[in-house]
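This report describes the fold of one protein, from its overall dimensions to the details of its strands.

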Amino acid sequence: MDFLDILLKKREGKKLTKQEIDFFISGVTNETIPDYQISAFLMAIYFQSLDEQETAQLTMAMANSGEMFDLSDISGFKVDKHSTGGVADTTTLILAPLVASTGVNVVKMSGRGLGFSGGTLDKLESIPNFSIHVQQQQAIQWAKTSHIVIMGQNKNLTPADQKLYALRDVTATVESLPLIASSIMSKKIAAGADGIVLDVKCGNGAFMKTLEDAQKLGSIMASMGRHVGKKITVVISSMAQPLGNYIGNRLEVIEAIETLKGNVKGDLLTVSITLGAHMLVLAGKVSSEEEGKALLLQQIQNGKGLTKFKELLHQQGGNIKVIDDYSLLPLSEYRLSLTASTSGYIQSMDTASIGRASQQTGAGRKEKTDKIDFGAGIILKKRIGDKVEKGDVLAQIYSCSQERAQKALSIVQNAIVIGDTCPSQPKLLLDIITA
């Protein structure tokens with residue numbers, strides 16, 4: 001088989017066979033196809049796209065390009081969750097222990113953050129001694145007893161995706177919906193879960209800027225799940241403002257613990273409970289979203305979700321004392337307060353700019369090799385629709401240097417708009433798509 005023929009075929013908009021897609025992924029993995037041809041092929045996909053079947057075949061080829069995580073020794077349904085990324089998106093630390101506390105298996109491979117703030121692994125590693133390095137057999141043993149494991153991604157998982165993602169980043173083909181969908185789904189399929197709930201973020205603080213694009217991506221991934229025998233639910237949620245009020249690694253751990261203690265309401269709780277409820281529906285634990293929400297809220301009220309979080313910490317070496325003593329999660333030294341220059345109502349927030357401000361504090365990375373400041377970040381004191389008086393504190397900035405804190409404060413100041421009239425609340429949950 002000659003790859004140039006395959007490249008020309010896709011350039012002309014023709015449908016590829018499974019054998020041709022497998023040949024491509026094999027060449028990517030084994031490095032027998034040069035980067036310039038792979039890049040040209042990615043651009044052909046960008047312009048000609050892939051149909052539903054081609055996308056599913058590409059996904060499975062990528063999933064099979066490395067090791068597959070075998071969870072068959074764990075009895076019962078295994079459920080996972082993935083977010084396309086947002087600001088103050090702390091849902092995993094909340095919903096994973098809540099869902100596991102009902103007896104449903106949550107075996108989750110998570111990644112590090114690149115951009116606004118740390119990923120789930122960075123947040124967990126901000127807890128003293130917590131280990132994300134878990135071997136497959138250890139993960140299986142833990143899941144059998146605790147029903148929960150959150151671990152780093154195996155380097156041998158989907159090596160083809162790692163190569164393709166790096167090339168997409170430098171060839172302006174990141175935005176291709178089939179390539180986005182196959183990248184996300186290949187990793188989740190290789191991770192071994194039976195069902196996956198996908199949180200597709202939409203808005204100025206998300207990768208998908210419009211509801212239409214978010215729905216297209218969600219539909220592709222839902223149908224892909226059907227093609228490969230996985231149960232999939234897609235929840236599209238808004239990034240019109242940061243999801244939580246705490247942005248940064250230790251800050252988000254603190255807000256997650258406070259949520260599990262029952263002390264946090266609002267958007268973060270709503271999205272966490274919604275995603276968790278759909279995980280329970282996929283697992284057959286409940287018959288409806290509303291029943292799932294009620295059960296998870298009950299697990300907060302009776303303390304079982306917090307107990308499961310403590311069990312997760314103990315299991316993976318983390319200091320369980322952080323749950324009651326936040327001084328063990330020290331915040332960065334330099335602290336500034338942003339105050340309102342006028343009275344009125346919070347009209348809007350530029351979520352992406354607030355995310356960049358968090359990155360400026362040291363809470364996120366610009367390059368993969370950047371070191372994160374676990375104690376850096378931002379606490380928002382107001383949300384859209386809140387009334388403010390001149391001089392009210394809008395946000396608190398934490399950073400390892402005065403200069404970084406001041407730059408972050410200036411960004412947040414320009415990102416929050418105050419006006420005379422009270423705006424309507426932005427809709428939080430935009431759509432739900434199932435296979």
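Of the 435 residues in the protein, 56% are buried. The model is a predicted one. Its accessible surface amounts to about 17,600 Å², and carbon and sulfur atoms account for 48% of that area. Along the principal axes, the C-alpha atoms occupy a box of roughly 70 × 45 × 40 Å.

The protein contains 16 helices and 13 strands. Its radius of gyration, 22 Å, is close to the 22 Å that the globule rule gives for 435 residues, so the protein is as compact as a globular protein of that length. Among contacts between residues at least 6 apart in sequence, 80% join residues at least 24 apart.

Strand 4 pairs with strand 1 and with strand 5, as the table shows.

| Pair | Sense | Bridges | One facing pair |
|---|---|---|---|
| Strand 1 (residues 78-83) and strand 4 | parallel | five bridges | V79 and G195 |

Together with helix 10 (residues 211-227), strand 4 and strand 5 form a right-handed β-α-β unit.

**The antiparallel sheet**

Strands of a sheet pair through backbone hydrogen bonds, either parallel or antiparallel. An open sheet of four strands shows antiparallel pairing, in the order 6-9-11-7. Strand 6 (246-247) and strand 7 (334-339) stand at the edges with a single partner strand each, so one side of each has no neighbour in the sheet. Helix 16 (residues 402-415) packs on this sheet and touches strand 7, strand 9 and strand 11 (393-399). The direction of helix 16 makes about 20° with that of strand 7. Strand 6 is joined to strand 9 (residues 377-380) by two bridges, and the two strands run antiparallel. Here Y246 has I379 in strand 9 as its bridge partner.

D161 lies in helix 8 (residues 159-170). The relative accessible area of D161 is 5%, under the 20% limit, so this residue counts as buried. Leaving aside residues up to four places away in sequence, D161 touches M62, S183, S186 and K187.

Key. Residues are numbered from 1 along each chain as its sequence is written. This is a predicted model: local features need pLDDT of at least 70, side-chain atom pairs count only at pLDDT 80 or more; totals for chains, interfaces and linings use all residues. Side-chain values use heavy atoms; hydrogens and water are left out. Two strands pair if DSSP finds at least two bridges between them. Contact means heavy atoms within 4.5 Å. Axes are lines fitted to C-alpha atoms, for helices over the stretch in contact, and angles run from 0 to 180 degrees between N-to-C directions. The radius of gyration is taken over C-alpha atoms; the globule rule is 2.2 Å times the number of residues to the power 0.38. Buried means under 20% relative accessible area, exposed over 50%, partly exposed in between (1.4 Å probe, protein chains only). Accessible areas come from the Shrake-Rupley method with a 1.4 Å probe; for residues, only the protein chains shown count as cover. A crossover is right-handed if, with the strands pointing away from the viewer, the path from the first strand over the helix to the second runs clockwise.
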